[in-house]
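Here is a short report on one protein model. Keep the structure in view while reading.

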Amino acid sequence: MSESTAPRTTVDDGLRVASQGSSARPRVLVLYGGQSSEHAVSCVTAAGVLKAVDGERFDVVPVGITSNGQWTRPAVDPRTHTFADGELPRVLPTESTVALHGASNGTGERRCELLEVGPAGKTSSLGPVDVVLPLLHGPFGEDGTVQGLLESVGVPYVGAGVLASAVGMDKHFMKLAFEAAGLTVGPYETLTARQWRRDPGAALQRVRGLNLPVFVKPARAGSSVGITRVDAWEQLEEAVALAQKHDPKVVVEQGISGREIECGVLDGHDGQPPRASQLGEIVVHDGGESHQFYDFTAKYTDAAAADLSCPADLPVEAAEEIRRQAVVAFEAVDAEGISRVDFFYTDDGDVVINEINTMPGFTPISMYPQMWHATGIQYPELIAELITLALQRPVGLR
C-alpha cells in the first residue's frame with residue numbers, strides 16, 4: 001500500500017481515553033516508529049508495551065512517527081504490529097498531524113499539551129501529557145534529538161537524557177566514555193566523514209592495522225543494520241560503503257572470540273544506585289553465510305537462528321563482575337531509567353564491553369524484559385516501574 005492511499009481512519013478502541021487527563025491516572029504518551037532504519041523494530045516494541053501496560057493505572061495515548069517524520073494518531077492499531085507475517089510494520093501517514101506544546105501557567109509551572117492540526121490548519125487539543133515513553137530506536141529517536149524536544153516542552157520522559165542518549169548512540173564516543181571509566185574495550189578504528197573525504201586510502205590503511213575478522217558498523221545505528229563481517233581485506237571497502245549508507249561515520253571493530261553476554265540496568269529510586277539484572281546470553285547457530293553474527297534477521301525474523309539463554313551459565317565471580325561493569329557503563333554515559341549493556345566473555349575469562357543501548361528492544365520476548373523476568377520483575381511491572389521513574393525525575397538540568 002502506498003503512502004498516498006493509506007487509510008485515513010484512526011484508532012479509537014480504548015487506548016486513548018476520552019477524559020484526556022481528567023482522571024488521577026498519569027497520562028502516558030507512547031511514542032513509536034520514527035525516521036531511522038529501526039522503524040519496524042520500534043513498531044513491534046510498541047505493540048508489546050501497549051498490550052501489556054496497566055490501563056487501570058495509566059491513561060495511554062499512542063502516537064506514531066512515520067518514516068518521513070510526521071507525528072500521527074495511528075491509522076492502524078499499533079497493538080497489531082508484528083514481524084510474523086513477513087512484512088515489516090510501519091506507521092502510516094494521516095491527514096492530521098499531532099504535536100506537543102509546552103506552556104507555563106500563572107504560577108510558573110510548566111504544562112505539556114498534545115495538539116492535533118487538521119488538513120485545513122484547524123488546531124484542537126487532545127489533552128495534557130504527563131510523561132512520554134519514547135519507544136524509538138536509532139537516530140532521530142534514541143540519539144538525544146527527541147529527548148531535546150521533550151526537554152524543551154517540559155515533559156518528563158522514560159530513559160536517558162540528551163547527552164547520554166547521544167553518547168550511547170555513537171559507538172565512537174561511547175567507547176571513549178567506557179575507556180575513561182576504566183572498562184576494557186576491544187581494538188577499533190573510527191572513520192569519520194571528514195577523514196573519508198580527505199584521504200580514504202589512509203583511513204583504510206589504519207583499519208588494516210587491526211586483526212581479521214573485523215566488523216564494519218555504522219557508528220550511529222542499531223539492530224545490526226548495515227553491519228558487515230570482513231574476513232579478507234578485499235571486502236573492506238565494500239563493507240565501508242554499505243555502512244555509510246546508514247551513517248557517514250563508521251566504526252570498525254576487531255572481532256573478539258568469546259560468549260556474548262548481556263545485562264539489563266534499571267535505575268534506582270531517590271538517588272539509589274542503578275540495579276543490574278540477571279545475565280542473558282546469545283548463541284548464534286552456525287548458519288554459514290546466513291548468520292555469521294547476530295544480524296537483523298537472526299534478531300527479529302528467524303526464530304531458529306539463535307538461542308537466548310537467561311540466566312546465562314557463568315561462574316559466579318564472572319557474573320558478578322559483568323553486573324558490576326554494567327552499572328559502571330550506565331553511569332559512565334550518565335544514563336537514566338533503562339539500558340542494556342553488552343559484553344564479550346572470552347575463553348581466557350576476560351570481560352570486554354561491547355556497547356550500551358539506552359533504549360533496548362522491549363518486546364515481551366526481547367532480552368531486556370527477559371533478563372528482568374529472570375530477576376523477578378514481570379513485563380507489565382517493568383513498564384510501570386520505568387514510567388514511575390520518569391515521573392519522579394524533573395526535566396532540565398538535574
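Predicted model: local features only at pLDDT ≥ 70, side-chain atom pairs only at ≥ 80, totals over all residues.

## A strand pair

Strand β9 covers residues 214–218, and strand β11 covers residues 250–254. The two pair in the antiparallel sense. Five bridges join them. Within this pair, phenylalanine 215 has glutamate 253 in β11 as its bridge partner.

## The sheet around it

Both strands belong to an open sheet of four strands. The order is β8-β11-β9-β10, and the pairing is antiparallel. The edge positions go to β8 (188–191) and β10 (228–230). Each of these has a single partner strand, so one side of each is left without a neighbour in the sheet. From one strand to the next, the twist averages 20°.

A helix accompanies the sheet. Helix α7, residues 236–244, lies across β8, β9, β10 and β11. Its direction is at about 25° to β9.

## Two packed helices

Two packed helices are described by the angle between their axes and the distance between the axes. Here the helices are α3 (residues 162–169) and α4 (residues 171–180). They pack at an angle of about 105°, and their axes are 5 Å apart. That makes α3 roughly perpendicular to α4, because angles of 65 to 115 degrees count as roughly perpendicular.

Which residues of α3 and α4 meet? From α3 come Val167, Gly168 and Met169. From α4 come Lys171, Phe173, Met174 and Ala177. By class, this contact has five nonpolar residues, one polar and one charged.

Rolling a probe the size of a water molecule over the atoms shows where empty space is left. How many cavities of 30 Å³ or more does the structure hold? There are three cavities in that range.

The largest cavity contains about 60 Å³ of space. Its lining includes Pro134, Leu136, Gly141, Glu142, Gln147 and Val158. Gly159, Ala160, Ser165, Thr358 and Met359 line the largest cavity too. By class, that lining has five nonpolar, five polar and one charged residues.

## The second largest cavity

About 40 Å³ of space lies in the second largest cavity. Leu133, Leu135, Val158, Ile338, Met359, Phe362, Ile383 and Leu386 form its lining. By class, the lining of the second largest cavity has eight nonpolar residues, no polar and no charged ones.

Technical notes
Residues numbered from 1 in each chain as written. Heavy atoms only, no water. Axes fitted to C-alpha atoms, helices over the stretch in contact; angles between N-to-C directions. Parallel < 35°, antiparallel > 145°, perpendicular 65-115°, else oblique. Contact = heavy atoms within 4.5 Å. Nonpolar A, V, L, I, M, F, W, Y, C, P; charged D, E, K, R; others polar. 1 Å grid on protein atoms, 1.4 Å probe; cavity = no way out; pocket = protein on both sides within 12 Å on 5 of 7 lines; lining within 4 Å. Points joined across faces, edges and corners; volume = space filled by probe spheres on them. Pairing = 2+ DSSP bridges.
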